[in-house]
Amino acid sequence: VGKRFWREPWTPQKYDPTFKGPIYDRGCTDIICCVLLVLAIMGYVVVGIVAWTHGDPRKVIYPTDSRGQFCGQQGTPNEKKPFLFYFDIVKCASPLVLLEFQCPTTQICVSKCPDRYLTYLGAYSSRTPSELEYYRQFCVPEFKNPQKVGRGERGGVSPVLNSLARRCFPAIRAKKGVIMVGNETTYDDGRGRRRNVTELLEGAKKANVVLETRQLAMKIFEDYTVSWYWIIIGLVIAMVASLIFIVLLRFLAGIMVWVMIVMVILVLGYGIFHCYLEYAKLKGEAGSDVSLKDLGFQTDLRVYLHLRQTWLAFMIILCIVEVVIILLLIFLRKRILIAIALIKEASRAIGHIMMSLLFPLCTFFLLCLCIAYWASTAVFLSTSNEAIYKVFNETACQFSGQTCKPETFNTSNVTKLCPDAQCLFAFYGGETAYHKYLIVLQFFNVFMFFWLANFVIALGQVTLAGAFASYYWAFKKPDDMPAFPLFSAFGRALRYHTGSLAFGSLILAIVQVIRVTLEYLDHRLKAADNKFAKFLLSCLKCCFWCLEKFIKFLNRNAYIMIAIYGTNFCTSARNAFFLLMRNIIRVAVLDKVTDFLFFLGKLLIVGSVGILAFFFFTQRIKLVQDTAPPLNYYWVPILTVIVGSYLIAHGFFSVYGMCVDTLFLCFCEDLERNDGSPERPYYMSPELSEILLKGNLEPSKSTDSQG
């Protein structure tokens, strides 16, 4: 098949009387990539099983001690100890806190948080039994001899104001801008050294970041539990609106396009007017003039809505979007008429293949599976680390540094040979091959997510392209079309071109992983002063962003050529690229104008449903004011509805977009193969040829004379 369609890059297609549309006599392509994909999926399943075996997602929500036991869990020694106490909270300032969901310091479960400041040295030197007994409850369980205390057992007990989410935090306060604990700016770390309170504050902040993240997640979860019903209703409204819009576009394409343009302008205009009203209403109110920079990040986003600067920023953004859209419409008014003709033809094609409107649901379902598997695997991998204990001693011991278990350490030979040895917490991790390569497994998890997600999207694109190509190359529409064009195209894609789809999605996944890595490096370099490194990183990010957009564009058109000719990925990408280059004016005139019109359609649906959700969840609709559920953050369901509406609208419009791209590529091929004569008639419909073969879009004489 590859040799049959091989030709010079800039040579137009020649007339072939046997060509009747998508080739049915085809073979498997890019078999090596197909095998690689199967092996990668098998490895991904193994990684998921291993992660689910070792990980425990409850560590993300519930406090656990250094032995991995949950505080307050029934049926365990910690049943009556619901609070978590950190031995050295300063160590929580480590970056590992955010990566592993734990502070790298010994942690124990206690029945209550301390209410007084006390160190072991202070308690022991006082020789007061009550002081020693009070201190004993904040030591590791195996602490028996008060005269023999190691590094991991002693520490400072600082007072707390309250127990926040079942965790004990020091009572740090600011007095006239000075950070203090108690009435002092320094504290005893339990080892006879004085340390600055700012170190304690930094550790508490980092530990609190994880805590606030967990609290935010729990509140968001609560909002979902009380609003999921209304969220589904909002998504159903978006689906019905998208379906009605698509059906009307099928019969009234010209009218609907202009109605869509006017409605988008009106919706944006109302958004600007509403932002101005909110901006004017906040004038003179206390606290409304605080700048966003001074306010900083707040988990409760409602705080931002009480600032004038927020509404001013919204108003400026909407004004810019409104002006840009109006200017584009003015300059593209003639091209819009041509694009409407192509949309009408796409409407006729979709009318003959109505099942294509439901096909995005299949793609959406597969993408949800990919996202769910990736997210669950990532959480299980992140919670796979366990507390590692090692032998510590002050004198020479052959067992020093070896791994030990606190439960059996006192009965082991180590204590007999090394009387001063202790089994103390060392770090979170693991010494097995699995734990050593956890970061590699996380990277593999991210890579496989991008690869599989891109593969699912590619499968949907090549299926729709095959179905719509069957419509275009049917000389008598719809009589010459196959009985089930969508299912036939789907079967051909899976049977013959899984390898080619894997190849294209693999290239895109590699670029996307590189972009994620660059974003991570950029985040790590934010605190650095190396301006050259930041400049170089910004250039790389820009280059790879452009590369990703180009690869997506090339892949999309390569999949269309695969669906038609059955060639491998490289040949299809090459032929598609040079076909577009030979028709670059048509690409600029038609393809991108239709994309712009479809974007306006998605913007109209998402904006309308988003405004409706905003008024409902903020209880501004009087008829259903008491129906809206009470929420912690009303932006949670609103944002969910907006994102979901966009995905739904994108799913419906992606069918139109793929149909337009396929018809456009087939149109370019049709112009090169045929000349409109009785011997070589065009396959395009009379309505399409009437407007596309006029003016700037008329094919050149050199192209017509080919054959």
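Modeller: Happy to! Q107 is buried, with a relative accessible area of 2%; buried is under 20%, exposed is over 50% and partly exposed is in between, using a 1.4 Å probe on protein chains only. This is a predicted model, where local features need pLDDT of at least 70 and side-chain atom pairs count only at pLDDT 80 or more, while totals for chains, interfaces and linings use all residues. Residues are numbered from 1 along each chain as its sequence is written, and side-chain values use heavy atoms, with hydrogens and water left out.

Colleague: Thanks. Where is Q107 found?

Modeller: Q107 is in strand 2, residues 107–110. Helices (H or I, at least four residues) and strands (E, at least two) are DSSP runs, numbered from the N terminus.

Colleague: Which residues have the most contacts inside the largest nonpolar core?

Modeller: V257, W451, Y472 and L597, in a core of 113 residues. A nonpolar core here is a set of buried Ala, Val, Leu, Ile, Met, Phe, Trp, Tyr and Cys residues joined through side-chain atoms within 4.5 Å. Apart from that one lies another core, of ten residues, including Y389, C404, A421 and C423.

Colleague: What is W451 in contact with, leaving aside its neighbours within four places in sequence?

Modeller: W451 is in contact with L36, L37, A40, A502, S505, L506 and A509.

Colleague: Switching to helix packing: at what angle do helix 7 and helix 9 pack?

Modeller: About 160°, with the axes of helix 7 (residues 253–281) and helix 9 (residues 308–331) 9 Å apart. Axes are lines fitted to C-alpha atoms, for helices over the stretch in contact, and angles run from 0 to 180 degrees between N-to-C directions. That angle makes helix 7 roughly antiparallel to helix 9, since over 145 degrees counts as roughly antiparallel, under 35 as roughly parallel, 65 to 115 as roughly perpendicular and the rest as oblique.

Colleague: Is the crossing of helix 7 and helix 9 left-handed or right-handed?

Modeller: Left-handed. The convention is that the near helix is turned anticlockwise from the far one by less than a right angle, with clockwise giving right-handed. The residues of this contact between helix 7 and helix 9 divide into 18 nonpolar, three polar and three charged. Ala, Val, Leu, Ile, Met, Phe, Trp, Tyr, Cys and Pro count as nonpolar, Asp, Glu, Lys and Arg as charged, and the others, Gly among them, as polar.

Colleague: What about helix 18 and helix 21?

Modeller: Helix 18 (residues 531–565) and helix 21 (residues 635–673) pack at about 65°, with their axes 10 Å apart, and their crossing is right-handed. Among the residues making the contact are R556 and N557 of helix 18 and D661 and E669 of helix 21. The residues of that contact divide into seven nonpolar, four polar and four charged.

Colleague: A lysine next. Is K602 buried or exposed?

Modeller: K602 counts as buried, at 13% relative accessibility. K602 is in helix 20 (residues 584–617) and, leaving aside neighbours within four places in sequence, is in contact with Y646, A649, H650 and F653.

Colleague: What does T29 touch, not counting residues up to four places away in sequence?

Modeller: T29 touches Y496, H497, G499, S500, G566, T567 and N568. T29 is buried, with a relative accessible area of 9%.

Key
Contact = heavy atoms within 4.5 Å.
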